[in-house]
Amino acid sequence: MSLPPHPRPLTSEDAAHFLRRTAFGATDAQIRALVGKNPRDVAREALRFDSRTAPGNPFDPSTGATPGAMLQLTRAAWLYELMYSPQPLRERLALTWSNHFVVGTDKVKNHPALAGYLGLLRRHAATPSFERFTLEVAQSPAMLRYLDNDLNRRGRPNENFARELLELFTVGIGTPGRPNYTEQDVREGARALTGWSFEGGRGNPRNTYLQTPRASFNPRQHDDGQKTYLGQTGRLGFEDVVHLAATHPQTAVFVSRKLHRTFLADTPDEAAVQGSAETFRRTGGNVGAVLEELLSSAAFYAPHSRARIIRGPVEYIVSAVRTLGGPKLEAKQLLNLAQTAGRMGQLLLQPDTVKGWDGGREWINDSALLTRLQVAAALSLGGTAPTLDAVPSDLALFGSETGPAQAALKGLNPKQRVYLALISPEFQLA
Amino acid sequence: MPDRRDFLKLSALAVAATTGMPGFLARAAAQAGGSKTLVVIQLTGGNDGLNTLVPYSNGAYYAARPNIAIPRKDVLTLTPDLGMHPALKPLMGLWDAGQLAWMENVGYPNPNRSHFASMAIWHTADPTQAGAEGWIGRVAEKIGDPFCASNLGGTTPLALRAETFSLPSIERVDTFQVKLPQGLDGALNRLLDAPREGEADYLLRATRQMMKNTARVQENVKKYRAGASYPEGRFAEQLQDAARLIAAGVGQRVLYVSLGGFDTHAGQRAEQDELLGTLAAGLSAFHADLEKQGLADDVIVMGFSEFGRRVAENASAGTDHGKGSVMFALGKGVRGGVHGSSPDLEDLSEGDIKYRQDFRGVYAEALARWLKLDDRAILGGTFQGPGWVA
């Protein structure tokens, strides 16, 4: 069953909820602009992406004097985009996909490769074809490098990408009693993926980190023998393997669950996940269609769906800035904040492992909470705190007009009130 | 400075944080009594056991690894058949003193080659992958005090997940303190006093707990006097923080430190050599520090990785995911030597060694013989260990 729609025009709390989930929060004016609108129209509008970016981005990674500086600029440039993009949902989705098709800057230290990868995540943010998206990521120099498929050659398999393609990018591991794939699939998949590598910009030598790498296929390194993969037998190649994995029925469930974790709950409702998976399969892996349905569903707007997602470090920082009306921050502050997100456990483009961040309660521990207190202070109280055009309303800060936090903050001056609001449990949830 | 002291005034509030946890404080008082500490080292990514504890007299080892085997002349000889990777040289003194133990051939039934499934099995001590709590989380619940087990680092591993509370992660001891701007304690008190539900309640409890934990650490951490010099780098910093916390005596029974990067699919020698060097230098400094602090009798270190690598090298001068591997332990409370038997490299399972020692037996000894806890209750069964705790 696909997901039933939310039947009513949006109230102000509905609008605030929608923007907390899809736009990292919003100002009062942005919330008001959605009140009374039809949920489907609102979702469709938010998902209509073009190639615009935030004006005035002060960071250009290609000016990095060293690979390390380039990486810092790459992170800061993306953080700027997350904070100020006119298409926040596109950036929200790019962040989600970077945590799905994971690459890490421990191995990918080449600017054009990272820029190409980020470009793919944005272009396919609400992709009409998950299979196409998977194929383009799989054949990007960033991924070829990160999971070693550039070293995967005929007779000399390297299984790294073949395994993660199944386990983390498409069908998922399944349950111990009912695995979605076998070790045989991993081995045969690796054979089918042989021969794909890239040329130029190997990334590690200092003088090539700005050189553009290009994906390449070498037929002599390709194993064109018979293979059996996910139940299909033939002389399978790269595209066949991606096709079989990306269109496998379990992939619809696996990807839908990830979208539900992004937009509905840290611990998703499996029946609702199955609903989205059905839409995914029916539309041939049209993620845009799945998202439009999800973001206008009764499940999305249900009262028990509110304030259920713990904002991650990047989301926390970006939400604070967007809720405060997008005050401009100094370049140095932005660079610092990108590093600070790392100290809270989310260094952009560098998850601990290829599985990515688990999110939810995993974001919360003593050190991370302490750092949230520091970020809140830096954005509200300190000497370099931005000046606000207007103090956000309770609705913008907490997503609700009545709640336990409001009463506690009466009588404070605006800066103190913003500070304590930002460290409240309510603000840290979406 | 209106910082920590103001928070100490909130101690009534901090105590209130525990009221959602039945019997919490009473149990803590009764069971936290032990004075021994276990430091767990996680080598993330699947450390190659064969190139760590090298079977240098075994022709099958050299045949399987023409490019990446450790040449016999480089091996640090321990026994007529086994020796350590040369990068582990800083640990030779501990070996000679009988304070370093290697556990051979450690694994679990139906091994899983996924990093994440396998790590979850080590974290939960549950090869059926049904468990949601970590084995150290269960230790904390048994003792009844979330602070009795802490992670050093940014994110808390699954091993430290508990059902009723969250266990702390301490990024740096020095910054583990709350500095509240002046005049806000009343409002913060009110903010955290109002009851919540669901995830908001979780965040509320975590915030209160954090305030209590930071106060507890900062009160006591000055008891530590620098005793040994540590190498540079995050891993060594975390070990030094572990030493500071142990010296502070704030009640931690288990401390957890991770070193990542062991997923050596390509160019393994360069990568693993560097990592093992980092590991050995850090541990050696940590041990020297504990000696200087007079704490060496009270602390042991136990290290593991989620799996070893395949016996044969791959074409990229690396290794793919394998099954069983080695574990190590060090400290005065350890029975030095090699425990268990080496894997038969000519009788493999899908190219991997066949494990003989269940890792839960190794855990069981740490729990029962070192921490004096009920290992069966924590591990959900009886597991035989190799006798590595003295």
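## Three domains in one chain

Let's start with the overall layout: chain A is split into domain 1 (12-46 + 249-305), domain 2 (87-246) and domain 3 (313-428). Please keep in mind that this is a predicted model. The rest of this tour looks at domain 1 and domain 2 of chain A.

## Where domain 1 meets domain 2

Taken over C-alpha atoms, the centres of domain 1 and domain 2 of chain A are 27 Å apart. Their contact draws on 21 residues from domain 1 of chain A and 24 residues from domain 2 of chain A.

The size of an interface is often expressed as the accessible area lost when the parts come together. Here, domain 1 and domain 2 of chain A bury about 1,700 Å² between them, and 68% of that area lies on carbon and sulfur atoms. On the domain 1 side, A:Phe24, A:Thr251 and A:Phe254 lose the most area to domain 2 of chain A, together making up 29% of what that side buries.

## Polar links across the interface

What kinds of polar pairing turn up here? Between domain 1 and domain 2 of chain A there are 7 residue pairs in polar contact, with both residues at pLDDT 80 or more.

## The domain 1 side, piece by piece

Which elements give two or more residues to the side of domain 1 that touches domain 2 of chain A? They are helix 1 (12-22), helix 12 (249-263) and helix 14 (287-294) of chain A. Helix 12 of chain A gives the most, with 8 residues.

Sorted by class, this side of domain 1 of chain A holds 11 nonpolar, 8 polar and 2 charged residues.

Note on methods:
Residues are numbered from 1 along each chain as its sequence is written. Chains are lettered from A and ligands numbered from 1 in the order in which they are written. This is a predicted model: local features need pLDDT of at least 70, side-chain atom pairs count only at pLDDT 80 or more; totals for chains, interfaces and linings use all residues. Side-chain values use heavy atoms; hydrogens and water are left out. Domain bounds come from an automatic or database domain assignment. Contact means heavy atoms within 4.5 Å. Buried area is the accessible area (1.4 Å probe) that two parts lose on being put together, summed over both. A polar contact is a pair of N or O atoms within 3.5 Å; within protein, one must be able to donate a hydrogen and the other to accept it, and residues adjacent in sequence count only if both atoms are side-chain atoms. Helices (H or I, at least four residues) and strands (E, at least two) are DSSP runs, numbered from the N terminus. Ala, Val, Leu, Ile, Met, Phe, Trp, Tyr, Cys and Pro count as nonpolar, Asp, Glu, Lys and Arg as charged, and the others, Gly among them, as polar.
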